Amino acid sequence: MGSGVALFTLFLLLATHHAQSAIGVNWGTLSFHKLRPSTVVDLLKANKITKVKLFDSDPDALRALMGTGIQVMIGIPNELLSTFSSDLFVQQNLSRFMGKGGADIRYVAVGNEPFLTSYGGVYQNYVVPAMVNLQQSLVKANLASYVKLVVPCNADAYESNVPSQGTFRPELTQIMTQLVSFLNSNGSPFVVNIYPFLSLYQNSDFPQDFAFFEGSSHPVLDGPNVYYNAFDGNFDTLVSALAKIGYGQMPIIIGEIGWPTDGAVGANLTAARVFNQGLINHLLSNKGTPLRPGSPPMDVYLFGLLDEGAKSTMPGNFERHWGIFSFDGQAKYRLNLGLGNRGLKNAENVQYLPSRWCVAHPAKDMTQVADHLRIACSQADCTTLNDGGSCSQLGEKDNISYAFNSYYQLQLQKEKSCDFDGLGMVTFLDPSVGECRFLVGVTDKDLTSSAELMARWDIYHICIGLLVWALTRCYIL
């Protein structure tokens with residue numbers, strides 16, 4: 001009991017005197033076009049990002065992070081909480097990567113939002129037992145003083161009309177008390193994911209300016225405190241909920257926060273830049289919140305680093321467009337992370353596929369294209385074509401071309417993948433229109449000499465086909 005009180009006191013001192021939030025990023029890998037892990041790590045280093053959060057313990061990512069000094073949070077997926085061996089997990093995902101010149105793994109996330117309302121409690125009873133077993137395994141491996149266990153929670157774990165009345169959901173009160181007691185006794189912070197965008201997206205009555213950090217004409221009054229943005233209100237609701245179970249000074253990390261750039265009304269480059277820059281400026285000002293003045297969160301992990309074109313779109317088409325960088329590591333907009341660079345630096349040495357695109361054949365009748373579009377968009381990412389997307393204003397033929405090309409790039413530009421029963425054709429002229437970008441895929445594999453030879457052979461066939469088509473058109477005219 002005495003050691004627990006000592007740890008709590010230490011954390012109280014850290015929280016009180018914490019100078020600034022540290023800015024990190026979430027590195028998700030659900031993409032059809034994956035960059036090499038070494039390229040991503042170079043991107044982190046170029047942008048002076050020193051903290052990264054993974055959603056698993058991918059060995060290739062951890063190898064690339066070895067020796068970089070970048071602090072890492074790895075994760076255990078929810079579906080593994082009831083079955084994984086804690087000793088084996090520590091051995092395979094921690095011990096073998098850590099040590100001198102190794103990966104600097106600081107946290108293990110036990111599940112990801114396991115108490116989410118939509119899960120119906122299916123993971124709820126596995127969280128604390130998994131943490132207890134993992135803690136014992138960390139002790140046996142002599143890692144417990146360095147690696148801390150956390151549970152990233154969604155903001156729907158707590159509720160209130162005003163921040164000062166925040167409480168955990170009634171069905172979670174007991175397990176949250178156990179969890180937070182465990183976190184406190186082992187020197188771990190509370191991790192929460194906060195998404196003002198989702199509040200705006202899911203509620204048509206939510207004041208738009210309240211989602212940002214520019215001040216609001218609809219502030220929330222809570223006794224002597226006034227809230228001008230959703231982040232502060234959400235954060236202090238958690239602070240109140242923690243206080244009600246006896247841990248009002250528990251250190252807090254923001255595990256995920258960000259704004260998407262596509263796939264929905266309100267998801268665009270301008271809004272994402274304004275939100276993320278406003279958030280960073282707010283954090284680095286060290287103002288804190290009304291219930292924690294001068295004490296911002298310990299760490300804040302932006303969501304996310306890269307777009308993930310293979311993510312589920314069940315929450316919305318915007319799910320594939322959270323990155324501050326596009327899938328190929330190119331900055332989407334100007335953003336000062338407050339880490340020493342005035343703007344974002346692009347990834348270098350990206351291994352692109354050849355510069356060619358698949359488009360709708362201009363001379364073919366497209367009345368029978370529906371099935372081809374359905375197949376293409378069921379496998380590739382066509383979310384930008386939907387309402388609110390950056391490509392939603394394209395004409396019919398450009399829509400078809402976008403879908404064809406998305407599938408073609410997904411198939412690594414294989415010749416037959418642009419056939420579509422003769423309705424598609426390959427072009428070397430970029431068909432992008434305005435802000436609607438027709439992508440060229442990337443690969444995390446080296447293009448071997450044989451692959452390059454095949455690519456040249458494909459290009460030869462394409463050129464012959466285009467020449468024949470052009471001569472035929474001239475003859476007809």
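Q: What makes Ile-74, Phe-89 and Val-147 count among the residues that Leu-94 touches?
A: In this predicted model, contact means heavy atoms within 4.5 Å. Leu-94 touches Ile-74, Phe-89, Ile-105, Val-108, Leu-138, Leu-143 and Val-147, with residues up to four places away in sequence left out.

Q: Why is the set of residues around Leu-94 and Phe-190 called a nonpolar core?
A: A nonpolar core joins buried residues of types such as Leu and Phe through side-chain atoms within 4.5 Å, so Leu-94 and Phe-190 can belong to one. This core has 107 residues and is the largest, and Leu-94 and Phe-190 touch the most other members. Helix α8 (residues 230-244) contributes the most to this core, 7 residues.

Q: Which residues does the second, separate core include?
A: Ile-400, Phe-404, Cys-418 and Phe-420 are among its 15 residues.

Q: What makes Thr-39 and Leu-43 of helix α2 buried residues?
A: Buried means under 20% relative accessible area. Thr-39, Val-40, Val-41, Leu-43 and Leu-44 are the buried residues of α2 (residues 37-46), so each falls under that cut-off. These buried residues pack against β1 (22-27), β2 (51-54) and α3 (59-65). Just after α2, Lys-48 has a positive phi of about 60 degrees.

Q: How do you know that Asp-262 and Arg-437 line the second largest pocket?
A: Lining residues have an atom within 4 Å of a pocket point, so Asp-262 and Arg-437 meet that limit. They are among the 31 lining residues, and with Asp-307, His-321 and Ser-326 they lie nearest the centre. By class, the lining has 11 nonpolar, 13 polar and 7 charged residues. Its largest share, 3 residues, comes from helix α11 (residues 396-410). The pocket holds about 660 Å³ of space.

Terms used
Residues are numbered from 1 along each chain as its sequence is written. This is a predicted model: local features need pLDDT of at least 70, side-chain atom pairs count only at pLDDT 80 or more; totals for chains, interfaces and linings use all residues. Side-chain values use heavy atoms; hydrogens and water are left out. On a 1 Å grid over the protein atoms alone, a cavity is a set of points where a 1.4 Å probe fits but cannot get out, and a pocket is an open set with protein on both sides within 12 Å along at least five of seven lines; lining residues have an atom within 4 Å of a point. Grid points are joined across faces, edges and corners, and a volume is the space filled by probe spheres set on the points. Helices (H or I, at least four residues) and strands (E, at least two) are DSSP runs, numbered from the N terminus. Ala, Val, Leu, Ile, Met, Phe, Trp, Tyr, Cys and Pro count as nonpolar, Asp, Glu, Lys and Arg as charged, and the others, Gly among them, as polar. Buried means under 20% relative accessible area, exposed over 50%, partly exposed in between (1.4 Å probe, protein chains only).
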